[in-house]
Amino acid sequence: MEKLFKDLRLIHTQAASINGVGYISQKKSLREDCKSLKLRDFSVPAVVMRGDPVWLNCSYDLERDKLYSIKWHKNNVEFYRYLPADNPPGQKYELPGIFLDLGWCKEGYIFMSKTDVNSEGTYRCEVSTEAPFFRTVKGESEMRIYVNPSSAPAIVGVKNQYFIGETVNVTCISAPSRPQAFLKWWINDEATNEDLYRPLSRVSQDGLFTSELILRFKARWHHFKNGRMKLVCEAIISQAHTLRSEEILVSNHSSSPQKTIYSDYGSSKDGPTISGGKSKYGVGDIVDINCTSAKSQPPAELHWYINDREAKPEYLMPLKSILYKNGMESTRLRLRFTVKHRHFQMNEMRLRCTATLSEVKTMSSEALEAEISEQQMSDLHVDFNTGADILCSAAVLLILKEELIYSSEINRIFVIPPLPEKVHI
C-alpha cells in the first residue's frame with residue numbers, strides 16, 4: 001500500500017510538469033496507463049527501386065479504447081484515412097507518387113501497387129481513439145526511391161593523338177540515375193587529381209540526375225606508357241538504407257520490459273540487436289545497454305533513439321567492432337545515461353537502435369586510349385654529350401650507329417663518341 005501511494009504521488013508530480021516531449025500531460029491511474037493506445041508496428045521501407053510495389057504498415061493496440069481514425073500522410077499531406085463509422089471506411093486522396101489499391105488496404109495496413117520518384121518522402125501514420133480520452137499515437141519514417149543508371153558513363157572529347165604539352169580536355173557523362181552518381185577519373189589505372197571541374201547536375205522531367213566531370217590537363221611524357229595513355233571514368237552510386245532493432249518499452253512501474261519488433265526494411269534478423277539492461281528503471285537509475293549490427297561490408301553506422309529522438313552524443317560510447325574471417329564486420333555502440341523524469345512518456349521509456357547500411361554500385365566507362373603524336377616524335381631534339389648517359393622514355397626514336405632503336409621502357413643508352421653535339425631526328 002505504501003508503494004502504491006508513492007507511485008501515485010510520482011504521477012501527480014509528473015502531471016504538474018510542463019507539457020512537452022517526455023512529460024505526462026494529465027493525471028491517470030496506474031491501471032489506466034497500462035491500458036492505453038499503443039503503436040505496435042510502424043513499417044515503411046527505407047529504399048524502394050522505382051516501379052516496385054510497397055506495403056506500409058501501421059499496427060496498434062487499442063486496449064480499452066475505441067478506434068476513431070487512422071490517417072496516412074506523405075510530407076504532411078493526407079492521402080488515406082480509415083474511419084470505422086464511415087461507409088466505406090477506407091478513403092484515399094489523390095497525391096503525386098501515391099498509387100493506393102484500396103482493394104488490398106485494411107485499416108492501417110495499406111498497399112501501393114507501384115512507385116515513382118514522386119513517391120519519395122516522409123510518411124507518417126496517426127492512430128486516434130474516440131472519447132473520452134481522444135488519444136493519438138504517431139509513427140514517421142522516410143522512404144527513398146532509387147533508379148540505377150541504365151548504362152556505363154560515357155567519355156566525350158577524346159582525340160586519337162596528343163602532342164606533348166597539348167591540353168587534354170575530356171568530359172565524363174553519367175547515365176541518368178537517382179540519386180546522382182559521383183564521378184571519378186583514372187589515367188593509366190591510377191586515380192587522378194589533375195584539374196577537375198564539376199558542372200551542376202542536370203535533372204530530367206522524371207526526376208533523374210545526370211552528372212558530368214570535366215578533366216583538363218597538359219599531356220606530359222609521364223602520361224604515356226608504351227606510347228599510349230588510357231582514360232577511364234567511373235560512376236559511383238551509394239544506396240543507403242536503415243534497419244531497425246527491436247524497440248524496448250521500459251515502464252517505471254512494470255516488473256518486466258516489453259518489446260515491440262519493427263520490420264522497417266527486410267527481415268528482422270538483419271537488423272541490429274540490443275543487449276544488456278534491466279527489467280525495470282526508475283528516476284536516477286543508469287541505463288547501460290549495447291547495440292550490435294549484423295555482419296556487413298562496408299560496416300553499418302549505428303544510432304540510438306530515446307522516445308524517437310536521437311540520443312545525445314554524451315550518452316554514446318563507440319565500442320570495438322567485431323571482425324570476421326570473411327572480411328565482414330559488426331559495429332557496436334553503447335548507450336549509457338542516468339534516467340530523468342523527462343525520459344518517461346506515459347510512464348514508459350522507448351529505446352531503439354538503427355543501423356544504416358550503404359550499398360555502393362560502381363560502373364566504369366569503356367577504356368579509351370590516345371597515342372603520342374607521330375609528328376611530335378619526328379620533331380624531338382636529343383642532346384648528346386661525350387661520355388654522357390641519356391635516359392630515353394615514352395617511345396623515343398634515336399639514331400645510334402646509323403641504326404634505329406625503339407625504346408618502349410626507360411633504358412640507359414651509353415653514347416659512344418665521336419658524334420655531333422646535336423642531332424635532329
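Predicted model: local features only at pLDDT ≥ 70, side-chain atom pairs only at ≥ 80, totals over all residues.
Which hand does the disulfide of Cys291 and Cys353 have, and why? Keep that one in mind for a minute.

Quick reminder: a disulfide is a covalent bond between the sulfur atoms of two cysteines. Count the bonded cysteines along the chain and the pattern reads 1-2, 3-4, 5-6.

Let's take Cys58 with Cys125, where the sulfurs sit 2.0 Å apart. This link connects distant parts of the chain, with Cys58 in strand β3, residues 54–61, and Cys125 in strand β8, residues 121–129, a separation of 67 residues. About the S-S bond we get -85°, and the link is left-handed. As for burial, Cys58 has a relative accessible area of 2%, so it is buried, and Cys125, at 0%, counts as buried too.

Next, Cys172 and Cys233, joined with an S to S distance of 1.8 Å. Again the partners come from distant parts of the chain: Cys172 is in strand β12, residues 167–173, and Cys233 is in strand β19, residues 228–244, 61 residues apart. The value about the S-S bond is -80°, left-handed. Both Cys172 and Cys233 are buried.

And now back to my opening question. Cys291 and Cys353 have their sulfur atoms 1.9 Å apart. Cys291 belongs to strand β23, residues 286–292, and Cys353 to strand β28, residues 348–364, so this pair links distant parts of the chain, 62 residues apart. The torsion about their S-S bond is about -80°, and that's why we call the disulfide left-handed. Cys291 and Cys353 are both buried.

One more cysteine while we're here: Cys105 has 15% relative accessibility, so it counts as buried.

If you zoom in on β8 and strand β9, residues 136–146, they run antiparallel and 8 bridges join them. Thr122, for instance, stands opposite Glu142 in β9.

Okay, rings. A search of the whole structure turns up 8 aromatic pairs. One of them is Phe42 with Trp72: centres 5.6 Å apart, planes at 25°, so that's stacked. Phe42 sits in strand β1, residues 38–43, and Trp72 in strand β4, residues 67–74, which puts them 30 residues apart. Phe42 is buried at 2% relative accessible area, and Trp72 is buried at 0%.

What about Trp55 and Trp104? Their centres are 6.4 Å apart with planes at 80°, so this pair is edge-to-face. Trp55 lies in strand β3 and Trp104 in the loop between β6 and β7, so the pair ties together parts 49 residues apart in sequence. Trp55 is partly exposed at 33% relative accessibility, while Trp104, at 54%, counts as exposed.

Ring pairs also link Phe42, Trp72, Phe79 and Tyr123 into a cluster.

Last stop, charges over rings. Lys295 lies over the face of Tyr324, 4.5 Å from the ring centre. And Arg352 has its charged end over the ring of Tyr305, 4.7 Å from the centre. That's my tour, thanks.

Methods:
Residues numbered from 1 in each chain as written. Heavy atoms only, no water. Disulfide = S-S within 2.5 Å. Helix = DSSP H or I, 4+ residues; strand = E, 2+ residues; numbered from the N terminus. Buried < 20%, exposed > 50% of the residue type's maximum accessible area, 1.4 Å probe, protein only. Pairing = 2+ DSSP bridges. Phe/Tyr/Trp six-rings, centres within 6.5 Å; stacked < 30°, edge-to-face > 60°. Lys NZ or Arg CZ within 6 Å of the ring centre and 35° of its normal.
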